[in-house]
Amino acid sequence: MNLAELTARFRDAVARSSDARALDEVRIAFLGRSGAVTEVRKGIGKLPPSERPGAGKVINEAVQALEAELAAALARVENAALTRSLEDTSDVTFPGPPAKIGAIHPVRHVAIDVARYFTRHGFAVVLGPEIETDANNFDALNIPPDHPAREGLDSFYLRPDLVLRTHTSPMQVRAMRKHGPPIAIIVPGKAYRRDANDARHLFMFHQVEGLMVGHGIHFGHLKGMLVGMCRELFGPSADVRFRPSFFPFTEPSAEIDVKCPACAGTGEVAAVQCRTCGGSGWIELGGSGMVHPNVLRSVGYDPDAVTGWAFGCGLERIAMKRHDINDIRAFIENTPGFAEGLA
Ligand code: DAH
């Protein structure tokens, strides 16, 4: 290779180099100690001695010039890289969006609050099966064979003798059969009814059952505990009303109403009918009463020795009132941010 050839190839290689690393490789290949220039220098030895110093000088000057070209090329690619990085407008120091951590579902929130209240008062929380015998779901609860709830139209029957429990009340039966009196439990859980889903019904919903049986238990105990529960759920000034009602498994029976927190029982908010209670001023939470002697008998308790109270409330119903939700389907629709907005 002669000097002209080396210069041409060198320039070609420099032109094809787009970054500092490539340029460094060019330097090593052409101007480095074992690079092409060394080969050219070796050619000096073949010249007559008088021409050698002149040739050496020419080569050295050429190498200096090529080194200068290399330095200029390096400055050029580094500048280009800097320009590219400045054109990227993203700010790497900008803080990222906060991580989504989710929220407890409002129905579970109610269950937790109810459980906290009752466990504080010595109650145990127990859970039961969602597939139940019709004997536990109905017979043991004094619900007669001709009761409408026992028709296939109202309940999900899996077999003639098995239903998806229509309420949490059969757990009263299971718990009393397992433990002798005294007993104090609550049972949160799912219940199923053959309803078409609409603004007020879901075919699957949640209840919490309460049961206390022992010597000398009376209706005053029921009222005291449930008034306390409502104050825990709706605030210390919540007003509670017990309205006479009927359930096959309690006698006497009462519906539990709480004074509407949205309108304070007036039925109106800013001169229009209160949306939360529909204008009645009261909200129905569920049923309650003194455990029917037939129920106590069915589990082997002696109704002359012990008495008890029980209640059952819908958890969605409580959550709807707490958060002013008007359509029960909101709980199962999984709309992003639903639970978060309420937490
Ligand atoms: N099981 C009833 C229902 O689902 C609610 C209920 C009423 C439960 C009275 C009770 C009770 O324990 O004493 O409608």
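Two strands are said to pair if DSSP finds at least two bridges between them. In this predicted model, strand 11 (residues 282–291) and strand 12 (residues 307–314) run antiparallel and are joined by 5 bridges. Within this pair, Gly-286 stands opposite Cys-313 of strand 12.

An open sheet is formed by 7 strands in the order 1-5-6-12-11-8-7, with mixed pairing. Strand 1 (124–125) and strand 7 (240–247) each have a single partner strand, so they stand at the edges and one side of each is left without a neighbour in the sheet. In general, strands of a sheet pair through backbone hydrogen bonds, either parallel or antiparallel.

Helices also pack on this sheet. Helix 5 (residues 106–120) touches strand 1, strand 5 (183–192), strand 6 (204–214) and strand 12, and the direction of helix 5 makes about 170° with that of strand 5. Helix 7 (residues 170–178) packs on the sheet as well, touching strand 5, strand 6, strand 11 and strand 12. The direction of helix 7 makes about 140° with that of strand 5.

The domain assignment divides the protein chain into domain 1 (3–86) and domain 2 (106–342). The centres of these two domains, taken over C-alpha atoms, are separated by 91 Å.

Attention now turns to a pair of helices. The axes of helix 1 (residues 3–16) and helix 4 (residues 52–87) come within 11 Å and cross at roughly 5°. Angles under 35 degrees count as roughly parallel, and helix 1 and helix 4 are therefore roughly parallel to each other. Helix 1 contributes Leu-3, Leu-6, Thr-7, Phe-10, Arg-11 and Val-14 to the contact, while helix 4 contributes Val-58, Ile-59, Ala-62, Leu-66, Glu-69, Leu-70 and Ala-73. By class, this contact has 10 nonpolar, 1 polar and 2 charged residues.

A search of the whole structure finds 19 salt bridges.

Some details of the backbone complete the account. The peptide bond from Pro-181 to Pro-182 is cis, with omega near 0°, and Pro-182 lies in the loop between helix 7 and strand 5. The peptide bond from Glu-251 to Pro-252 is also cis, with omega near -5°; Pro-252 lies in strand 8 (residues 250–259). Asp-324 has a positive phi of about 55° although it is not a glycine. Its place is in the loop between helix 10 (315–323) and helix 11 (338–342).

Note on methods:
Residues numbered from 1 in each chain as written. Predicted model: local features only at pLDDT ≥ 70, side-chain atom pairs only at ≥ 80, totals over all residues. Heavy atoms only, no water. Axes fitted to C-alpha atoms, helices over the stretch in contact; angles between N-to-C directions. Helix = DSSP H or I, 4+ residues; strand = E, 2+ residues; numbered from the N terminus. Parallel < 35°, antiparallel > 145°, perpendicular 65-115°, else oblique. Contact = heavy atoms within 4.5 Å. Nonpolar A, V, L, I, M, F, W, Y, C, P; charged D, E, K, R; others polar. Domains from an automatic or database assignment. Salt bridge = Lys/Arg side-chain N within 4 Å of Asp/Glu carboxyl O.
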